Amino acid sequence: MNASKLGRIASHGDGELTRTSTLDRLRYAVAWLTADGRLPTTASAARPLSCRRAITLAIKIIDRSDIQRSVLWWDERRPGPKRHVTLRTMLILMIAYQVQRPDRDMVFLDLAKWALWELSNQDRIRAGLTHEKWHYYKMIGAFHGFVELIDDEDSPHRVDQAGVIRERIPELSTRDRILNTLIAASIPDSCPATKVAAMDSTDIETSAALRAQLARPDGDDEYVPDHAKDEKKWGLPISQLLRGTDGRFILSDDIDARCGYRTVVNGNRSTNFVGWDAHVLVDAGWYGAEHYVQFIRGMVLRPAGSHKGDAGIALLDSIDDRFAVDTLCSDRGYSYSVAERWALPLLRRRITGVHDLHPNQRTERGLMKHKMFKHVVIIDGTLFTKALPQALRELPAYHPGMSKAERGELTAKYDARAKYAFVPNGDPKPDGKWQYRGPAYLGHIDCPNVEPHRAVQRGAPPTNCVPGGGCWCDKTPTLEADEHIRIRQKYIYGTSKWLALYGMRNASEAKMADLKKNFGTMRRASSTVTGTTANAVLFAIRCIAINTALRHSAYGDEVTLTSTDVRTVSVVKRRRSQRPTPAHRQKGPKTRPPRKSGYVPSQHEGTR
């Protein structure tokens with residue numbers, strides 16, 4: 001095969017990429033690189049690992065995940081001849097190939113060449129690549145064997161052309177749980193999960209040829225990005241498009257890819273794309289944390305345009321049992337879902353949600369299921385007494401362009417409004433009902449109807465309540481589980497504590513940057529496989545590579561997968577990128593000659 005056939009066609013988003021040499025293409029399997037580099041200068045993991053170290057790390061991850069006994073065991077006992085390349089060997093090679101250089105594209109031809117030319121004979125034996133007749137197609141067969149083994153029970157790929165259904169092994173865990181077990185094995189046990197987690201999704205565009213495009217996605221998700229742009233319809237007419245088992249249109253040669261909204265970046269309008277939504281759960285930190293690593297704890301892959309609430313709950317249920325989510329930060333893509341598909345499942349799982357509010361949700365509401373609803377009011381998802389001053393009822397929302405002084409001034413107003421709020425009394429009850437304590441009950445405000453034995457805090461603002469008017473400033477009402485549950489939050493919206501917790505959501509945004517720019521180069525045509533399960537396997541391996549790069553960037557070689565306590569390890573100091581001195585400044589700054597003005601004496605006059 002000549003060098004021209006080895007190259008791939010760059011996608012439309014790769015306008016700033018430059019072509020690498022054929023030698024680098026064969027050695028590192030990277031066909032396109034940016035002129036300034038993909039990896040940050042502050043990351044110590046920018047140096048690629050050796051092949052031996054990458055193979056060792058991949059073997060440790062496979063052994064720690066226990067996937068050999070729980071999943072691969074079933075393939076080894078299948079009827080028929082033994083595989084020349086086992087599923088374990090294929091997983092080890094794929095993980096080692098991606099971990100060694102996270103910015104690589106997962107191209108199986110390059111993976112085979114890497115195993116043949118870059119790995120030593122000893123490394124191939126350690127990985128299990130010992131059969132003398134192994135070749136590229138055997139590796140492809142092993143990958144598809146693993147995909148067929150863990151594929152969902154209702155997958156259309158389990159039905160062959162003759163209509164025969166290939167049954168799934170009942171003893172196997174779900175696809176999401178199997179892949180998240182691999183991701184959990186790439187994190188040292190000495191790095192426990194943080195108390196606050198962040199969740200977000202990103203778009204993965206299919207590399208299959210497109211046949212048509214819709215003006216808007218045909219999914220069932222309630223949330224539509226602000227100022228979403230309608231695409232121009234093209235391709236086959238609607239009447240000629242096929243529908244999948246989910247009732248949605250098939251717009252490409254990949255029967256699993258669907259149409260959805262692309263992630264909004266840098267304030268640009270959201271557009272449509274065909275592919276999948278990758279949902280990621282990340283460590284976000286906690287109060288007083290001096291240093292922590294934002295590891296990726298789990299992921300799920302769903303067709304684009306699918307309901308984000310269902311995908312987020314599936315992600316929470318598929319993560320490792322050692323990782324228990326206490327507080328979850330998410331954006332409107334999840335919190336805008338109906339209560340039955342997001343807020344109520346979080347409530348049943350005892351997870352405290354922290355999220356922003358849509359402008360449509362920031363309206364004054366009343367309690368419709370309570371007999372005394374006229375004494376309280378719900379504003380921005382918080383229960384307030386009617387004694388709340390009118391000036392504090394409508395406060396502006398935070399926006400990215402605010403200065404530090406403007407944000408501090410607005411936070412002070414929200415904190416002042418919080419004194420009139422009802423505070424939750426502990427956690428919800430088993431039936432979902434939640435008891436609240438009034439602001440006068442806690443002494444936050446000075447109400448004339450408060451009982452005499454109640455203590456009032458110093459500086460508590462007085463209310464304009466009428467004595468004996470029957471206000472609820474001192475009551476402890478109990479709200480139903482579904483009473484405005486979509487907008488209700490444990491932490492009062494806009495306050496300094498809510499702002500600190502919601503700010504931790506940037507951890508998920510940072511991981512998307514690591515996957516697409518800082519460490520990895522995930523984009524369209526980064527892989528050419530089709531199907532949800534196949535792309536989910538490759539995305540899980542990318543998450544493993546990012547976790548490994550983050551561990552090396554934070555601790556260097558001091559922390560391994562078997563480390564017991566990372567608190568005794570000093571954090572690697574980030575090296576600052578020094579900008580080279582410009583050529584016109586290398587010999588020092590030039591001095592400006594004295595300005596000439598006025599009369600200039602002649603030579604004869606100067607010698608008199």
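Buried denotes a relative accessible area under 20%, exposed over 50%, and partly exposed the range in between (1.4 Å probe, protein chains only). The model is predicted: local features need pLDDT of at least 70, side-chain atom pairs count only at pLDDT 80 or more, and totals for chains, interfaces and linings use all residues. Residues are numbered from 1 along each chain as its sequence is written, and side-chain values use heavy atoms, with hydrogens and water left out.

**View 1. Overview of the protein chain.** The chain contains 17 helices and 15 strands (DSSP runs numbered from the N terminus: helices are H or I of at least four residues, strands E of at least two). Of its 608 residues, 50% count as buried. Among contacts (heavy atoms within 4.5 Å) with a separation of 6 or more, 70% are between residues 24 or more positions apart.

**View 2. E509 in helix α15.** E509 lies within α15, which spans residues 506–518. With a relative accessible area of 35%, E509 is partly exposed. The C-alpha atoms of E509 and S201 are 8.9 Å apart in space, although 308 residues separate the two in sequence.

View 3. The buried positions are K308, G309, A311, G312, I313, L315, L316 and S318. The loop between α10 and β9 (327–330) holds D320. D320 is itself buried, at a relative accessible area of 18%. Its C-alpha atom is 9.4 Å from that of A185, a residue 135 positions away in sequence.

View 4. Strands β11 (residues 376–379) and β12 (residues 382–385) are paired in the antiparallel sense over 4 bridges (strands pair if DSSP finds at least two bridges between them). V376 has T385 as its bridge partner in β12, while I378 is partnered by L383. The hairpin has 2 residues between its strands, and D380 adopts a positive phi near 55 degrees. In a regular strand, side chains alternate between the two faces of the sheet. On β11 both faces are covered, with buried V376 and I378 on one side and buried V377 and I379 on the other. On β12 both faces are covered as well: T382 and F384 are buried on one side, L383 and T385 on the other.

**View 5. Packing of helix α9 against helix α16.** The axes of α9 (residues 175–185) and α16 (residues 532–555) are 9 Å apart and meet at an angle of about 20 degrees (axes are lines fitted to C-alpha atoms, for helices over the stretch in contact; angles run from 0 to 180 degrees between N-to-C directions). This angle makes α9 roughly parallel to α16 (under 35 degrees is roughly parallel, over 145 roughly antiparallel, 65 to 115 roughly perpendicular, and the rest oblique). The crossing is right-handed (the near helix is turned clockwise from the far one by less than a right angle; anticlockwise is left-handed). From α9, R175, L179, L182 and I183 meet T532, T533, A536, V537, A540, C543, I544 and N547 of α16. An α-helix has 3.6 residues a turn, so residues three or four places apart point the same way.

**View 6. Packing of helix α3 against helix α9.** Helix α3 (residues 51–65) packs on α9 at an angle of about 125 degrees, with 8 Å between the axes. The arrangement of α3 is therefore oblique to α9. The two helices form a right-handed crossing. I61, I62, R64 and S65 of α3 meet T181, L182, A184 and A185 of α9.

**View 7. Open sheet of three strands.** The 3 strands run in the order β13-β14-β15 with antiparallel pairing. β13 (423–424) and β15 (478–479) are the edge strands, each having a single partner strand, so one side of each lacks a neighbour in the sheet. β14 (residues 434–437) pairs with β15 over 2 bridges in the antiparallel sense. Q435 has T478 of β15 as its bridge partner.
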